[in-house]
Amino acid sequence: LNVLIAEDDENIVKHYQTCLAKEKNIEIVGIANDGQKAIEFYNEKKPDLIFLDLGLPIIDGISVIESITQNSIDTHPNIIVVSGNSDLRLNLSNMKKVYNSLPKPLDYNNMIRLMNEYDKEIHKPLFPILKLKDLLINLGIKTHSKSCQYLMHIIEIAFYTSHLLESMTILYSITARNYNVSPKKIESSIRSSVRIANKCENKDLMCSIFHKSDYNYKQQISSKQFIELVIEYLER
């Protein structure tokens, strides 16, 4: 992974350098101590990942995110926000170029864990849309409906960024922004589609995909469980 560090605190920069020097599969391709340089380095170096401090001088971190989002052809999220403000980190987590966030002071183990997760996700195969459509049809869900389109969109996002399943609220917000509707509408539509899937009478399919036996066949799968199990199926 080629990594860009955008941080103006020299001690934190040294911490990055010390920690990442231990990782053979990670290379720091640039260090920017202000927001203007962060944008310039990002456009020049095309890093796989950027660790971005929000309190940068000249141009702040939020403006850097906006610039990268507007000007980047690649829409894959590759920004890790670093901030001591937990509320601000949470609010930024639904921006489409933000992959995840880390609190200050930085924890080495969390940082490496997050980078390893990211590395696995960017090397996933192309999203198997036809396999997903076949599954949904077999579950009795009409793939041309708006509700199904919302569902497929969320599944695709979670397929590449599985950590977002930790917060369904964020997934609903991202999808709502893409379709210009409310997150509540997305949540309601997803639940409606999952209710249809729960009523599927194909016991072999329900057992193989959702691990439902005759004993627990009437057990209802939640929206989060449904998406997790569908992704597991798509990855086989």
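Select Ile58 to start; in this predicted model, Ile58 sits in the loop between strand 3 and helix 3. Its phi is near 70 degrees, a positive value in a residue other than glycine. Most residues other than glycine have a negative phi. Show the surface around Ile58: the residue is exposed, with a relative accessible area of 71%.

**Helix 2**

Next, select helix 2, residues 35-45. Colour Gly35, Ala38, Ile39 and Tyr42, which are the buried residues of this helix. Turn the view until you look down the axis of helix 2: the buried residues fall within an arc of 95 degrees, so they line one face of the helix.

**The cis bond at Pro105**

Move to Pro105, in the loop between strand 5 (98-103) and helix 5 (108-122). Show the backbone of Lys104 and Pro105: the peptide bond joining them is cis, with omega about 0 degrees. Most peptide bonds are trans.

**Phe127**

Select Phe127, which is found in the loop between helix 5 and helix 6. Is Phe127 buried or exposed? Phe127 has a relative accessible area of 11%, and the cut-off for buried is under 20%, so Phe127 is buried. Leaving aside neighbours within four places in sequence, Phe127 is in contact with Leu132, Met152, Ile155, Glu156, Phe159, Tyr160 and Leu234. For a distance to check in the viewer, pick the C-alpha atoms of Phe127 and Ile157: they are 9.7 Å apart in space, while the two residues are 30 apart in sequence.

**Helix 6 against helix 7**

Now select helix 6 (residues 129-138) and helix 7 (residues 146-160). Their axes come within 12 Å and cross at roughly 135 degrees. Helix 6 and helix 7 are therefore oblique to each other. The crossing in which helix 6 passes helix 7 is right-handed. Which residues make the contact? From helix 6, show Ile129, Leu132, Lys133 and Leu136; from helix 7, show Cys148, Leu151, Met152 and Ile155. Colour this set by class: the contact of helix 6 with helix 7 has seven nonpolar residues, no polar residues and one charged residue.

**Asn180**

Go on to Asn180, in the loop between helix 8 (168-179) and helix 9 (183-198). Asn180 is not a glycine, yet its phi is positive, about 60 degrees. With the surface shown, Asn180 counts as exposed, at 71% relative accessibility.

**Helix 10 and its end**

Select helix 10, residues 203-210, and colour its buried residues: Leu205, Met206, Ile209 and Phe210. Around the axis they cover an arc of only 95 degrees, which puts them on the same side of helix 10. The last stop is His211, which follows helix 10 and has a positive phi, near 60 degrees.

Terms used
Residues are numbered from 1 along each chain as its sequence is written. This is a predicted model: local features need pLDDT of at least 70, side-chain atom pairs count only at pLDDT 80 or more; totals for chains, interfaces and linings use all residues. Side-chain values use heavy atoms; hydrogens and water are left out. Axes are lines fitted to C-alpha atoms, for helices over the stretch in contact, and angles run from 0 to 180 degrees between N-to-C directions. Helices (H or I, at least four residues) and strands (E, at least two) are DSSP runs, numbered from the N terminus. Angles under 35 degrees count as roughly parallel, over 145 as roughly antiparallel, 65 to 115 as roughly perpendicular and the rest as oblique. A crossing is left-handed if the near helix is turned anticlockwise from the far one by less than a right angle, and right-handed if clockwise. Contact means heavy atoms within 4.5 Å. Ala, Val, Leu, Ile, Met, Phe, Trp, Tyr, Cys and Pro count as nonpolar, Asp, Glu, Lys and Arg as charged, and the others, Gly among them, as polar. Buried means under 20% relative accessible area, exposed over 50%, partly exposed in between (1.4 Å probe, protein chains only). The arc is that of the directions from the helix axis to the C-beta atoms.
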